[in-house]
Amino acid sequence: FERIAPLDGKPRDVPQAAMVTLRIDAGRTDKLRPGDIVGALTGDAGGLAKDAIGKIDVFPTRSYVAIARHQGEHALARLRAGKIKGRKFRVNRI
């Protein structure tokens, strides 16, 4: 049998995902709803377009929101700087 060496480095032709996921450290126990997250992202001047927002999952203590890759940094900065339902929450990119 001939031994084959393992591949080195990263694959070159793998496309990036269309969306990035943001984790918000708040959920149902904080009375957070998907509409609150959409409002925080799209409200006021300079907000995201609603088609840049994907699926939103709200769990008891965490929430996850999919954002179009090209808008990910803008959405992250917007959620970190602003408030959701009048409160500040920790937001991280996964």
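1. In this predicted model, the chain exposes about 6,900 Å², and carbon and sulfur atoms supply 53% of that area. Of the 94 residues of the chain, 31% count as buried.

2. As for overall dimensions, the C-alpha trace spans about 65 × 30 × 20 Å along its principal axes. The radius of gyration of the chain is 18 Å, whereas a compact globule of 94 residues would have one near 12 Å.

3. The secondary structure comes to two helices and four strands, and these follow the pattern β-α-β-β-α-β when the chain is read along its sequence. Among contacts between residues at least 6 apart in sequence, 71% join residues that are at least 24 apart.

4. Helix α1, which covers residues 34-42, deserves a separate word, with Asp-36, Ile-37, Ala-40 and Leu-41 buried in it. Seen down the axis of α1, these buried residues fall within an arc of 130 degrees, and they therefore line one face of the helix.

5. What do the buried residues of α1 pack against? Their partners are the strands β1 (19-24), β2 (53-58) and β3 (63-68), together with the helix α2 (72-81). Just after α1, Asp-44 takes a positive phi of about 60 degrees.

6. On charge, the chain carries 19 positive and 10 negative side chains, and the centres of these two sets lie 8 Å apart.

Terms used: Residues numbered from 1 in each chain as written. Predicted model: local features only at pLDDT ≥ 70, side-chain atom pairs only at ≥ 80, totals over all residues. Heavy atoms only, no water. Buried < 20%, exposed > 50% of the residue type's maximum accessible area, 1.4 Å probe, protein only. Arc of directions from axis to C-beta. Contact = heavy atoms within 4.5 Å. Rg over C-alpha atoms; globule rule 2.2 N^0.38 Å. Areas by Shrake-Rupley, 256 points an atom, 1.4 Å probe, with all protein chains shown as cover. Lys, Arg positive; Asp, Glu negative; His and termini not counted. Charge placed at Lys NZ, Arg CZ, Asp CG, Glu CD.
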